Amino acid sequence: MTNLIDALHIPDTQSAHDDRKLAIQRVGIRGVRYPLQLKIEGAVLPTIGEWALDVALPAEQKGTHMSRFVAWLDALGEPVDANVLEREAARMIALLGAEEGRVEVSFPFFLRKRAPVSGVASLLEYQGRLMAETRAGVTTVSAEVVVPVKSLCPCSKEVSDYGAHNQRSHVTIRAELLGKVSWRELVRFAEDAASSEIWSSLKRADEKWITERAYENPKFVEDMARDVALALNADARIGRYVVDVENFESIHAHSAVARIER
């Protein structure tokens, strides 16, 4: 087969010289869905990853070798965590003959939780993302998690004779990792800042506990964003971050949102 390919003398157009003198910061592929083995809580979770892969292209080079991205992806031989992704991203950049590049993968994952009173166990789904990027010789690794929680409105509680409106909320944390941080720890940053966390399976005693917990712990969308940011600020393993909170309002047809960046 190799001799046949050599005999065809197929030109390598991508490696041709380009005279336009314009470098491209990112060229690659995205929206690639591929099986993913995820390292989480000492176990391996099979899931589906959606990948975005790119490298920087020098001004003098016409194109990159797109098929090499998929070849790199198919050759991933071990379960992925932040450290593995950082190492494998360096291998991808070398495979493409580049000096800079980025690997990003998003995926659903599950954590087993026990209900607050009954202790019944169930899995709750979260959305995760891992990113490794090399620019100017510096590699940064970041993780992102989207955490569903419950929030109860302080204003509604204050002005109402009884009850208060509450709703599901999403807390999104995107953090640069300066040390080892587990997925459960990232999730806890969000859940601890909410009026209440949520569970997949509950008994009546659990429902009572959650309802009363939220009522005693009202939070505006601004409160949750600030409380998450304070916790991140206090953790030396966290570098730059973005915290987004969205309340899917139960008395409006729109959402309330807040963002804090460092």
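Which residues line the largest cavity? They are V55, A56, L57, P58, Q61, T64, L96, G97 and A98. This is a predicted model, so local features need pLDDT of at least 70 and side-chain atom pairs count only at pLDDT 80 or more, while totals for chains, interfaces and linings use all residues. Residues are numbered from 1 along each chain as its sequence is written, and side-chain values use heavy atoms, with hydrogens and water left out.

**The sheet**

- Let's start with the strands: 8 of them form an open sheet in the order 1-2-3-4-5-6-7-8, with antiparallel pairing. Two strands count as paired if DSSP finds at least two bridges between them; strands (E, at least two residues) and helices (H or I, at least four) are DSSP runs numbered from the N terminus.
- Strand 1 and strand 8 (255-261) sit at the edges with a single partner strand each, so one side of each has no neighbour in the sheet.
- On average, neighbouring strands of this sheet are turned by 15° against each other, direction ignored. Axes here are lines fitted to C-alpha atoms (for helices, over the stretch in contact), and angles run from 0 to 180 degrees between N-to-C directions.
- Strand 3 and strand 4 are joined by 14 bridges, and F107 stands opposite G128 in strand 4. The two strands form a hairpin with 6 residues between them, and G119 in the turn has a positive phi of about 80°.
- Strand 4 and strand 5 are joined by 9 bridges, with A132 opposite V141 in strand 5. This hairpin has 2 residues between its strands, and A136 in the turn has a positive phi of about 50°.
- Strand 6 and strand 7 pair over 8 bridges, again antiparallel; T172 has D244 in strand 7 as its bridge partner.

**Helix packing and aromatics**

- Helix 3 lies across strand 1, strand 2 (43-57), strand 3, strand 4, strand 5 and strand 6, and runs at about 35° to strand 4. Contact means heavy atoms within 4.5 Å.
- There are 6 aromatic pairs in the structure. Rings of Phe, Tyr and Trp (its six-membered ring) pair if their centres lie within 6.5 Å; planes under 30 degrees apart are stacked, over 60 edge-to-face and the rest tilted.
- One of the pairs is W51 with W72, edge-to-face at 5.8 Å centre to centre and 80° between the planes. W51 is in strand 2 and W72 in helix 2 (residues 66-74), so the pair ties together parts 21 residues apart in sequence.

**Pockets and the cavity**

- On a 1 Å grid over the protein atoms alone, a cavity is a set of points where a 1.4 Å probe fits but cannot get out; a pocket is an open set with protein on both sides within 12 Å along at least five of seven lines, and lining residues have an atom within 4 Å of a point. Grid points are joined across faces, edges and corners, and a volume is the space filled by probe spheres set on the points.
- The largest pocket has a volume of about 440 Å³. Its lining has 20 residues, with D81, A82, K180, V181 and S182 nearest the centre.
- Strand 1 (24-40), helix 3 (82-95), strand 5 (138-152) and helix 5 (183-191) each supply at least two residues of that lining.
- The second largest pocket comes to about 240 Å³. It is lined by 13 residues, with E133, T140, S142, R174 and R240 nearest its centre.
- The count is 1 cavity of 30 Å³ or more, and the largest cavity has a volume of about 50 Å³.
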